[in-house]
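Here is a structure to look through together. Please have a first look at the sequence and the 3D view before reading on.

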Amino acid sequence: MTTPATEPAQQRLPRTLTRDLRNHDGQTVRLQGFVHARRDLGGVQFLVLRDVSGVTQCVGSGLTLPLAESSVEVTGKVKAHPKAPGGFEVQVEDFRVISAAVEPAPVEIPKMEWNVNPETMLDYRVVTVRGLKERAALKVQAELVAAFRDHLMTEGFTEISTPKIVSAGAEGGANLFPIDYFGQGAYLAQSPQLYKQIMVGVFERVFEVAPVYRAEEHATSRHLNEYLSLDVEMGFIEDEEDVMSLENRLLAAIMTRLKTTAQAEFDLLGAHIPDVPAHIPRITLMDARALVTEKYGHAVGGKDLDPEAERLLCQHYAETEGSDFVFVTKYPRAARPFYAHPDSNADGTPSSEITRGFDLLFRGIEITSGGQRIHDHAMLMDSIATYKLKPETLEGYTEVFKYGMPPHGGFAIGAERLTAKLLGISNVRYARAFPRDRHRLTP
């Protein structure tokens, strides 16, 4: 039966989550959640209730079921049922509507996976994000970020927060969103790079989890104009190998945690949590370009690896070494920002062509860019001149290098890209709750 929503709270049982029903077989429980689906078969009503932990079937009679997505409360007896979600159903003894939907949802949440246009799913994201698979992806990302934080803390890192309104870009001024800052020109930060380097002089090891903004006119499945960047910087390193080794340990820790905290979400999405090798394979950029050309007949254009070359290189290492990960190292100066540390020539002098920069590829796509940074003031000023940048726009950054900065390096992981590749999501937009791309500013 349906009861008023004003029933005193003290008369009700403690709330039970659907995932815990197996612990209450034969007992009366109180559930709260959303109407995921409903059916009325004459005198019997079936309600699939969705809460934060999953879904369960509730069966009753004489119920007035509200529209889908209404929030409701069900009190009833738990009974084992082999065909019900999770193996248990609830026989309704009392039912009340907490907050009724005032109109039908724009899409049927249980059915949207197979009959809804992808753009429609984003147009109505405020509702479609409630879908089981949609929220599973976001849950995985939340656990990924938590694991990122936790592991870095165990390695002596300090979390920092850097400005997202800046006077100049971190990478030479390209791809910036301009804003009006009280009549003064400013930009949304495209990276915390310069600030996290400065903070190495404070804490030696730092990280940040924050959005960054790229004014790139991409319309691809792998780009966002606002995304969550997981940034790391560490001081007193020998070279970029220290940085890659840290990321190797970090990824291993993340995957270990996901197996504990998000295995159900991976199972729901039919995805596999990868094993991280104790030593992720390395290959120089020039060797990587040669490999995909010689082995697969793919001619690589530009100064980096194109998307097809990334895919083929990952295919090679998956087949030959069983690794979903590969570091591409020794990037040319032309493909790296001004603060990238030059590699050393055979005689120990700085290279004018090659840097200690690297990318990490995972399942066919770049998920990390990193390397050792320039820490010597004179070398940094020479590099700024070589890149034809204006030193006066970078004074707030370059000043710190007058005061004894240690050798340091770091990397940044795109949280949405990593989430998408982990879960087999074809478009990175679906690995963010409310994506911002070239054509989307709402919801």
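What follows is a short tour from domains to sheets, helices, a salt bridge and some backbone details.

Please keep in mind that this is a predicted model. The protein chain is divided into two parts: domain 1 covers residues 15-99, and domain 2 covers residues 132-431. If you take the centres of domain 1 and domain 2 over C-alpha atoms, 45 Å separate them.

**Sheets**

Let us turn to an open sheet built from eight strands. Reading across this sheet, the order is β6-β10-β11-β18-β17-β16-β13-β12, with mixed pairing. At its edges lie β6 (158-159) and β12 (282-284), each of which pairs on one side only. Strand β16 spans residues 357-362, strand β17 spans residues 365-373, and the two pair in the antiparallel sense over six bridges.

Another open sheet has three strands, in the order β7-β9-β8, and here the pairing is antiparallel. Its edge strands are β7 (165-166) and β8 (177-181), and each pairs on one side only. β7 and strand β9 (residues 184-188) are joined in the antiparallel sense over two bridges. Within this pairing, I165 stands opposite L188 in β9.

| Strand pair | Sense | Bridges |
|---|---|---|
| β16 and β17 | antiparallel | six |
| β7 and β9 | antiparallel | two |

**A pair of helices**

How do α8 and α9 cross? The axes of helix α8 (residues 285-296) and helix α9 (residues 307-321) come within 10 Å and cross at roughly 80°. Angles of 65 to 115 degrees count as roughly perpendicular, so α8 is roughly perpendicular to α9. On the α8 side, the contact is made by A288, L291, V292, K295 and Y296. The α9 side contributes A309, L312, L313, Q315, H316, E319 and T320. Sorted by class, the contact of α8 with α9 has seven nonpolar residues, three polar ones and two charged ones.

**A salt bridge across the chain**

Side chains of opposite charge can pair when their charged atoms come close. The structure holds 30 salt bridges. One of them deserves a visit: R429 forms a salt bridge with E119, and their closest N and O atoms are 2.7 Å apart. This pair links distant parts of the chain, 310 residues apart. R429 belongs to the segment after α12 (415-423), while E119 sits in helix α2 (residues 118-123).

**Backbone details**

Where is the cis peptide bond? It joins T442 and P443, with omega at about -5°. P443 has its place in the segment after α12.

Finally, have a look at E69, found in the loop between β3 (54-60) and β4 (71-80). The phi of E69 is near 80°, a positive value in a residue other than glycine.

Notes: Residues are numbered from 1 along each chain as its sequence is written. This is a predicted model: local features need pLDDT of at least 70, side-chain atom pairs count only at pLDDT 80 or more; totals for chains, interfaces and linings use all residues. Side-chain values use heavy atoms; hydrogens and water are left out. Axes are lines fitted to C-alpha atoms, for helices over the stretch in contact, and angles run from 0 to 180 degrees between N-to-C directions. Helices (H or I, at least four residues) and strands (E, at least two) are DSSP runs, numbered from the N terminus. Angles under 35 degrees count as roughly parallel, over 145 as roughly antiparallel, 65 to 115 as roughly perpendicular and the rest as oblique. Contact means heavy atoms within 4.5 Å. Ala, Val, Leu, Ile, Met, Phe, Trp, Tyr, Cys and Pro count as nonpolar, Asp, Glu, Lys and Arg as charged, and the others, Gly among them, as polar. Two strands pair if DSSP finds at least two bridges between them. Domain bounds come from an automatic or database domain assignment. A salt bridge is a side-chain nitrogen of Lys or Arg within 4 Å of a carboxyl oxygen of Asp or Glu.
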